[in-house]
Amino acid sequence: MSHNGSAAVWEHRAYARVGLLGNPSDMYGGKALSFTISNFWSTVHLAPSTDGGPIVIQPHPQHDFVNFASLPQLVTRLQKEGYFGGVRLLMAICKVFYNHCIQHGITLKEQNFTLSYDTNIPRQAGLSGSSAIICAALNCLLDFYNVRHLINVEIRPNIILDAEKELGIVAGLQDRVAQVYGGLVYMDFGKEHMDTLGHGVYTPLDVNILPPLYLIYGDNPSDSGKVHSTVRQRWLDGEEFIISSMEEIAQLALDGRKALLDKNYRELATLMNRNFDLRRQMFGDDVIGMVNIKMVEVARSVGAAAKFTGSGGAVVALCPDGDEQVLLLEKACQDAGFLMQRIQVAPSPLTLTEDDPPF
C-alpha cells in the first residue's frame, strides 16, 4: 500500500505459475504440485475515486489496444493477440467479488475506485497470465474494502475461477491456488474434499526442496484455453482409458511430493516425463500441437526431463545430470529457436495468520 496525497493506493502483484506434476488432473478430482515464479508477473493498481468519481477500469495501452494504423494492421493484431486484453478480467472479478460479498452478508463501503493493470507474463504460454491479473485485482479489492479477514484464503481461488468462468475460460483450480498461496503448494482436489469443503486441501511446502528448474517457451504461443475440451467429454462419458490415466497423473503429484522431500531428483525427472507422456496419449498430437511437442523433445534430446507448465506454450525442464547438461539444453533450445531461462521460485505473499489451515 502507498499513499497518494491523503488517499491510500493499493498495488498487488501475482506471479506466473508452473504446474510441476499432476496437471491436468486438478479438473478431474486429482492432485497437483505447483509453484509460482518471479520471472514473470502481473500487477494491479487500485486508487480510490475522489470527490464522488465513478468506478474506472483503465485499458492497458498495449494489451487493450484500440487504435490501428490500418485495417491490415488490425487484422494482423487480432490474429496474433486475439480479441481479449485485461479489461474484461478486471470487470469479471469486480462482479464476482461483489456477488460473493452480497451472498455471504459482507458489507462493502460505498466508495468508488480506479483499477489499472500491467503484465509481462507471455500470452498463451500456459503460465496463467489471465488468472494472475484476476488474483492481483482480488487482493486489491480485499484490501480496499478491508474484507481480507472475511474471505478465507482457501476460498479465494474459487472466486478467481468463477471470474474466469464468466468469460468462458476453461480451467481448473490449480493455477489459482498456486497464485493465491504463492511458493510451492501440494493440492488434493479429491471429490470428498470438494463436496464437503467446497475446495481442495492445500499444503504449502518449503520452496527450497525444489531442484534447479528451467523454463522453455517459444514466440508462437498456443491457445491454452481450448486444450481440455475433448478429453473432458470422454471423462464425463466414463471412458476407462481417460479415467485411469487421470488417476495415474494425480498419483504422480503425490509421488513427486515424496521425491522432493527425499531430494530424489532422478525420480522427479521420471515422474515429469511420465506426466507429459500420459497427457500426450490422452489428448493426441493434433490437440497438443507440434511446436509444443518439439519443445519437450528438444529438452529430452539432451537427457533433460520435460513437461508442460500448463496446457502448452511453455515447458518446465529438469537437468538431473547437472550443469553440463544445462549447457547442452541451452544450446539445443537456441538451435531450435526456443527461449530458455532458469526459473526463480516466488515466495508466498500470505501472512502467517492467513496461512493457518482452516481445519
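# Domain layout and helix packing in a predicted model

The domain assignment divides the chain into domain 1, residues 10-209, and domain 2, residues 213-342. The structure is a predicted model. Between the centres of domain 1 and domain 2, taken over C-alpha atoms, the separation is 24 Å. Contact between the domains involves 32 residues of domain 1 and 41 residues of domain 2.

**Annotated regions**

- The UniProt record, an unreviewed entry, places the feature "domain: GHMP kinase N-terminal" at residues 105-183.
- Residues 258-333 are 64% helix and 12% strand, with 30 Å between the end C-alpha atoms.

**Packing of α3 and α5**

- Helix α3 (residues 129-144) packs against helix α5 (residues 174-181) at an angle of about 45 degrees, and their axes are 10 Å apart.
- Because of this angle, α3 and α5 are oblique to each other.
- The crossing of α3 past α5 is right-handed.
- On the α3 side the contact is made by Ser131, Ala132 and Cys135, and on the α5 side by Asp175, Arg176, Gln179 and Val180.
- By class, the residues of the α3 contact with α5 comprise three nonpolar, two polar and two charged.

**Packing of α4 and α5**

- Helix α5 also packs with helix α4 (residues 156-166): the axes come within 8 Å and cross at roughly 130 degrees.
- The helices α4 and α5 are therefore oblique to each other.
- The α4 and α5 crossing is right-handed.
- Arg156, Pro157, Ile160, Leu161 and Glu164 of α4 meet Arg176, Val177 and Val180 of α5.
- The contact of α4 with α5 has five nonpolar and three charged residues, and no polar ones.
- Arg176 and Val180 of α5 take part in the contact with α3 and also in the contact with α4.

**Packing of α8 and α9**

- In the pair formed by helix α8 (residues 240-261) and helix α9 (residues 265-283), the axes come within 9 Å and cross at roughly 165 degrees.
- Since angles over 145 degrees count as roughly antiparallel, α8 and α9 are therefore roughly antiparallel to each other.
- The crossing of α8 and α9 is left-handed.
- From α8, the contact residues are Phe241, Ile242, Ser245, Met246, Glu248, Ile249, Leu252, Asp255, Gly256, Ala259 and Leu260.
- From α9, they are Tyr265, Glu267, Leu268, Leu271, Arg274, Asn275, Leu278, Arg279, Gln281 and Met282.
- The α8 contact with α9 divides into 12 nonpolar, four polar and five charged residues.

**Backbone features in loops**

- Asn23 and Pro24 are joined by a cis peptide bond, with omega of about 10 degrees.
- Pro24 is located in the loop between β2 (7-21) and β3 (31-48).
- Ser128 is not a glycine, yet Ser128 has a positive phi of about 65 degrees.
- The loop that holds Ser128 lies between β5 (113-119) and α3.

Key. Residues are numbered from 1 along each chain as its sequence is written. This is a predicted model: local features need pLDDT of at least 70, side-chain atom pairs count only at pLDDT 80 or more; totals for chains, interfaces and linings use all residues. Side-chain values use heavy atoms; hydrogens and water are left out. UniProt positions are given in the numbering used here, feature names are shortened, and annotations may be inferred rather than shown by experiment. Axes are lines fitted to C-alpha atoms, for helices over the stretch in contact, and angles run from 0 to 180 degrees between N-to-C directions. Helices (H or I, at least four residues) and strands (E, at least two) are DSSP runs, numbered from the N terminus. Angles under 35 degrees count as roughly parallel, over 145 as roughly antiparallel, 65 to 115 as roughly perpendicular and the rest as oblique. A crossing is left-handed if the near helix is turned anticlockwise from the far one by less than a right angle, and right-handed if clockwise. Contact means heavy atoms within 4.5 Å. Ala, Val, Leu, Ile, Met, Phe, Trp, Tyr, Cys and Pro count as nonpolar, Asp, Glu, Lys and Arg as charged, and the others, Gly among them, as polar. Domain bounds come from an automatic or database domain assignment.
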